[in-house]
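Here's a quick tour of a model, meant to be read with the viewer open.

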Amino acid sequence: MNRNSVFVTTALLPLFVLMAGCAPMHDDRQSLSQQAPAANVDTTLPAALKNGWPDSQWWKAYHDPQLNALIDSTLRNSPDMQVAEQRIQLAEAQAKAVEAQDGPEIDFSADVERQRMSAEGLMGPFAITDPAAGTTGPWYTNGTFGLTAGWNLDLWGKNRAEVTARIGAVKAREAEREQTRQLLASGVSRLYWEWQTQAALKTVLTQIESEQQNVITVDRQLYQNGLTSSVEGVETDIDSGKTEQQLNDVSGKMKVIEARLSALSNSQSTALKLHSTKLPVVESQLPSQLGYSLLARRPDLQAAHWYIESSLSSIDAAKAAFYPDVNLMAFLQQDALHLSDLFRHSAQQMGVTAGLTLPIFDSGRLNANLDITKAQSNLTVANYNKAVVDAVNDVARAASQVETLAQKNRHQQQIEHDAQRVVGLAQARFNAGIIAGSRVSEAKIPALREQCNGLVLQGQWLDASIQLTSALGGGYHAS
């Protein structure tokens, strides 16, 4: 073999190593497929959604400044929102750190070293004092300063895949923040309207108590005049006691709700000063179709989707780790044994280095890392599929509950209307002098009881409608 053949073989040796020396990749783990939300479902957006239903600030549709202030305070002061914000900032910082690894790096370094040369070592001649030879040993003060540069070329896209994975994590954290925002708004709204329901019940129960006291007063006067027996008023006394118990229960529930609202809005130091307001009218707000197109607005599904995107990029990075890393390095320095010579042109040194790192045998570490990354990706897909199924069930349950309660409210309104007719007849008889005024009170009490039942149903419908809005993502639009 001549010299040229030897030179060519030596030059091509790294290429042969690149082609045949990489650690073998065992990519045999099957990937899970994502749930297809659009399967067998009309994904056309319903007209109600195109018109902005539900809006991202859906609670403002109630036109209640008190509720708006409560939710604004909660979103501004809640520790949950603070945690969500910090998670986003951490994810962004991590993404920037990974992105910075993909660019060139330049460092400046300087050092001074005082050393004594060994007369028995490789640098033995420098331990001798011989000015003619340029040695002034054995002590020297060595100085070095200069620039060092390096750059990982990332030929296989490993760093770029890791950056993409981190960006996906940032997007997921942003969606989780929106999920936290919607959950807090939904929680405050439900508690607020529950308080308003209890306040309305308290008002009606107070009216019932007043009518019962009117009946009791008349019965006592009749008994004192010997017109009735004492037994006739016992039932009214018992009912009055039950009404008082109900009033105490309502007052207790209102205090508990106020405490929960204070905790949610992080305003324990200042007492809530809520005033009662009229409950929203029960009406049909459902879109004509509750398909998967609306579920796409749920921030938890968006977060799960971004975690999948992040995991897929992590798989690409794990695969790229099987290929060689190519690094370019360069330095420009001043180096001298004597500080007085450090700034001479002759003390200058420079160089360029191209480095290559090739995994050949790693005892299966790279394949293990790839298996772990793919398993984590499959787990994120499985979590996404579960989230889709849960979301469908949530919407179906909430929608069914809203429709059922709307029907019950319509029936209850008819019952209240009929009960009010009985009150009207009793009032007409009293005006005609046929019956006593206490009999009008006796007719009003059942009608007021039905009003209480109506308020309970109205509050239940309102709570269910808020749950449905939350199940549909609260009007969340992914950016």
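What follows is a walk through some strands, helices and aromatic rings of this structure.

## Before you start

Keep in mind that this is a predicted model.

## The strands

Start with strand 4, residues 139–152. It pairs with strand 1 (residues 105–116) in the antiparallel sense, and the pairing runs over twelve bridges.

Strand 4 has another partner in strand 5, residues 325–336. These two also run antiparallel, joined by ten bridges.

## Glu211 on helix 5

Now jump to helix 5, which covers residues 158–224 and holds Glu211. Is Glu211 buried or exposed? Its relative accessible area is 15%, and the cut-off for buried is under 20%, so Glu211 counts as buried.

What does Glu211 touch, leaving aside residues up to four places away in sequence? The list is Ser441, Lys444, Ile445 and Leu448. With Ser441 there is also a polar contact, side chain to side chain, at 2.7 Å. As for the spacing of such residues, an α-helix has 3.6 residues a turn, so residues three or four places apart point the same way.

## Helix 9 and what comes after

Helix 9 takes up residues 365–431, which makes 67 residues. From first C-alpha to last it reaches 95 Å, close to the 99 Å expected at 1.5 Å a residue. Just after helix 9 comes Gly433, with a positive phi of about 80°.

Helix 10 spans residues 437–471, and Gln467 sits in it. Gln467 is buried too, because its relative accessible area of 18% falls under the 20% limit. Not counting residues up to four places away in sequence, Gln467 touches Arg190, Arg397 and Ala398. Have a look at Asp394 as well: 73 residues separate it from Gln467 along the chain, yet their C-alpha atoms are 8.8 Å apart.

## Aromatic pairs

How many aromatic pairs does a search of the whole structure find? It turns up seven. One of them is Tyr62 with Trp193, an edge-to-face pair at 5.3 Å centre to centre and 65° between the planes. Tyr62 lies in the loop between helix 2 (47–50) and helix 3 (65–77), while Trp193 is in helix 5, so the pair ties together parts that are 131 residues apart in sequence. Tyr62 is partly exposed at 23% relative accessible area, whereas Trp193 is buried at 3%. Ring pairs also bring in Tyr192, linking Tyr62, Tyr192 and Trp193 into a cluster.

Back around strand 4, check out Phe126 and Tyr140. Their ring centres are 6.2 Å apart with the planes at 75°, so this pair is edge-to-face. Why does the pair tie together parts 14 residues apart in sequence? Because Phe126 lies in the loop between strand 1 and strand 2 (129–130), and Tyr140 lies in strand 4. Phe126 counts as partly exposed, at 28% relative accessibility, but Tyr140 is buried, with a relative accessible area of 1%.

Technical notes. Residues numbered from 1 in each chain as written. Predicted model: local features only at pLDDT ≥ 70, side-chain atom pairs only at ≥ 80, totals over all residues. Heavy atoms only, no water. Pairing = 2+ DSSP bridges. Helix = DSSP H or I, 4+ residues; strand = E, 2+ residues; numbered from the N terminus. Buried < 20%, exposed > 50% of the residue type's maximum accessible area, 1.4 Å probe, protein only. Polar contact = N/O pair within 3.5 Å; in protein donor to acceptor, adjacent residues only side chain to side chain. Contact = heavy atoms within 4.5 Å. Expected span 1.5 Å × (residues − 1). Phe/Tyr/Trp six-rings, centres within 6.5 Å; stacked < 30°, edge-to-face > 60°.
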